[in-house]
Amino acid sequence: MRVFWIIFYHEILLFSRHLSKIFANFLFFVISVAIFSLLSQNQDYQSSTAFYSITIIWFSLLSCLIFSSDNFLKRDFDDGTIEQTLNSIDNFEIFVLAKILANWLVSAFPILISILPLSLGIGLSQDLIPNLMFSAFLATLAINFICTFCGSLSILGNSAPMIGLIAMPLIVPILLIAFGCLDNETVSGFKILAGLVFFVGTISVFATAKIVKIAAE
């Protein structure tokens, strides 16, 4: 566990030295929500305002997660960090898990915090906001695991479109469950999302570690 926290803390420090990337990701989310909200002002969406507003937020959030996972671990692989880590850490999966969670904390967490004021700004019902934020918290964790796994394929020479090709079919069920959490079946939906985070996270960590090891041989 100590190794995990050392790696995690080191990643946060590295990200803090590139605040422009974090700001750009956050700004993309805010601009996306603002543009879609402006485009919908003259449309007749009054009967489905909540659904449309939540769709705007999820589309923008999903785009940020996919873009932030592009070429995941590629730089570490090219500069030799991966090779050194493989030689110095017995459980390489700890390194992968720390990198994935650090990526989520930097890419998704600031956006999750901004959901509250943005939701109020676009007229979303206050009753839906707590469910939206909690479901987004769990769903983005699961989606981040999927996107980082797909992004790690760049080590094998695959390009960014591979993320969308593999990730999107896996992300759709998570989005459907997250939308279902806004209805009456919130407790069961949250339990399913929590189970998916554990299941998808475990598979993604071990699969990503395996890909890296194959590429490093």
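**Notebook: helix H8 and its neighbours**

**Entry 1: H8 beside H10.** I started with helix H8 (residues 129-152) and helix H10 (residues 186-216), whose axes come within 9 Å and cross at roughly 20°. I keep in mind that this is a predicted model. Angles under 35 degrees count as roughly parallel, and H8 and H10 are therefore roughly parallel to each other. I also looked up the handedness: H8 passes H10 in a left-handed crossing.

Next I listed who touches whom. On the H8 side I found, among them, Phe-134, Leu-138, Leu-141, Phe-145 and Phe-149. On the H10 side the contact includes Phe-190, Leu-193, Val-197, Gly-201 and Ile-211. Sorted by class, this contact of H8 with H10 has 16 nonpolar, seven polar and no charged residues.

**Entry 2: H6 against H8.** How do H6 and H8 cross? Their axes come within 10 Å, and the angle is roughly 125°. H6 and H8 are therefore oblique to each other. This time I noted a right-handed crossing as H6 passes H8.

From H6, the contact is made by Leu-97, Ile-100, Leu-101, Asn-103 and Trp-104. From H8 I wrote down Phe-137, Thr-140, Leu-141, Asn-144, Phe-145 and Thr-148. The residues of the contact of H6 with H8 divide into seven nonpolar, four polar and no charged.

**Entry 3: aromatic rings.** I then turned to the rings, and the structure holds four aromatic pairs. I looked up two of them in detail.

Trp-104 sits in helix H6 (residues 92-107) and Phe-137 in helix H8, so the pair links distant parts of the chain, 33 residues apart. Is each one buried or partly exposed? Trp-104 is buried, with a relative accessible area of 7%, whereas Phe-137 is partly exposed at 31%.

In the other pair, Phe-134 and Phe-190 have ring centres 4.7 Å apart and planes at 85°, so this pair is edge-to-face. Phe-134 lies in H8 and Phe-190 in H10, so the pair ties together parts that are 56 residues apart in sequence. Phe-134 is partly exposed, with a relative accessible area of 41%, while Phe-190 is buried at 15%.

**Entry 4: one cluster.** Which residues form one aromatic cluster? I found Trp-104, Phe-109 and Phe-137 there.

Terms used:
Residues are numbered from 1 along each chain as its sequence is written. This is a predicted model: local features need pLDDT of at least 70, side-chain atom pairs count only at pLDDT 80 or more; totals for chains, interfaces and linings use all residues. Side-chain values use heavy atoms; hydrogens and water are left out. Axes are lines fitted to C-alpha atoms, for helices over the stretch in contact, and angles run from 0 to 180 degrees between N-to-C directions. Helices (H or I, at least four residues) and strands (E, at least two) are DSSP runs, numbered from the N terminus. Angles under 35 degrees count as roughly parallel, over 145 as roughly antiparallel, 65 to 115 as roughly perpendicular and the rest as oblique. A crossing is left-handed if the near helix is turned anticlockwise from the far one by less than a right angle, and right-handed if clockwise. Contact means heavy atoms within 4.5 Å. Ala, Val, Leu, Ile, Met, Phe, Trp, Tyr, Cys and Pro count as nonpolar, Asp, Glu, Lys and Arg as charged, and the others, Gly among them, as polar. Rings of Phe, Tyr and Trp (its six-membered ring) pair if their centres lie within 6.5 Å; planes under 30 degrees apart count as stacked, over 60 as edge-to-face and the rest as tilted. Buried means under 20% relative accessible area, exposed over 50%, partly exposed in between (1.4 Å probe, protein chains only).
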